[in-house]
Amino acid sequence: MKKVLASAIALMAVTFSYAQQNHDVTKQVGNSNEAKISQNGFKNDNNTLQDGDRNKATVEQWNKRNENTIKTYGNDNEVTVLQKGDKNSNFTYQNGKENTAVKFLFNSPGLNVQIKNDGFSYDVYEVEKIQKNSNQSQE
């Protein structure tokens, strides 16, 4: 019985640690698609492709090694990216007509805001500067 219990605990521990190795590829082809990707964990990564009109994608990444790449082709596509963690990175490429739903954009260090007729979206971030310890060896 002890071996069965120990094996079950070991299996759950491996499953949990594997679940923290987040990776996602989202592809939206066509019109009026919507995707919400939430990654909470250790090694986050996401690639999203939207090909069509009126597609929406929301990506939330929290903790540690976040990365994100979004490419949109078409008209009136909407992308929202929220990242909070250690190593955030984002690349968004949009090709098509402007999103007329967005009425006002505000970008400043630490805050980005989009105002629309039916609401608003925002992201708040903090840039953390890490100082190198003078006792560390130079490589």
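The structure is a predicted model.

**Asn 77**
- Asn 77 has a relative accessibility of 6% and counts as buried, because buried means under 20% relative accessible area.
- A polar atom of the Asn 77 side chain lies 3.1 Å from the backbone oxygen of Gly 52.
- A polar atom of the Asn 77 side chain also lies 3.4 Å from the backbone nitrogen of Arg 54.

**Lys 84**
- Lys 84 is exposed, with a relative accessible area of 55%.
- Gln 61, Trp 62, Asn 63 and Asn 66 are touched by Lys 84, when residues up to four places away in sequence are not counted.
- Asn 63 is 21 residues from Lys 84 in sequence, while their C-alpha atoms are 6.0 Å apart in space.

**The largest pocket**
- The volume of the largest pocket is about 1,200 Å³.
- Its lining consists of 44 residues, and Val 81, Leu 82, Asn 90, Asn 112 and Asp 123 are those nearest the centre of the pocket.
- Two or more lining residues come from each of strand 6, strand 7 (91-95), strand 8 (102-108), strand 9 (111-116) and strand 10 (119-124).
- The lining of the largest pocket comprises 19 polar, 13 nonpolar and 12 charged residues.

Terms used. Residues are numbered from 1 along each chain as its sequence is written. This is a predicted model: local features need pLDDT of at least 70, side-chain atom pairs count only at pLDDT 80 or more; totals for chains, interfaces and linings use all residues. Side-chain values use heavy atoms; hydrogens and water are left out. Buried means under 20% relative accessible area, exposed over 50%, partly exposed in between (1.4 Å probe, protein chains only). A polar contact is a pair of N or O atoms within 3.5 Å; within protein, one must be able to donate a hydrogen and the other to accept it, and residues adjacent in sequence count only if both atoms are side-chain atoms. Contact means heavy atoms within 4.5 Å. On a 1 Å grid over the protein atoms alone, a cavity is a set of points where a 1.4 Å probe fits but cannot get out, and a pocket is an open set with protein on both sides within 12 Å along at least five of seven lines; lining residues have an atom within 4 Å of a point. Grid points are joined across faces, edges and corners, and a volume is the space filled by probe spheres set on the points. Helices (H or I, at least four residues) and strands (E, at least two) are DSSP runs, numbered from the N terminus. Ala, Val, Leu, Ile, Met, Phe, Trp, Tyr, Cys and Pro count as nonpolar, Asp, Glu, Lys and Arg as charged, and the others, Gly among them, as polar.
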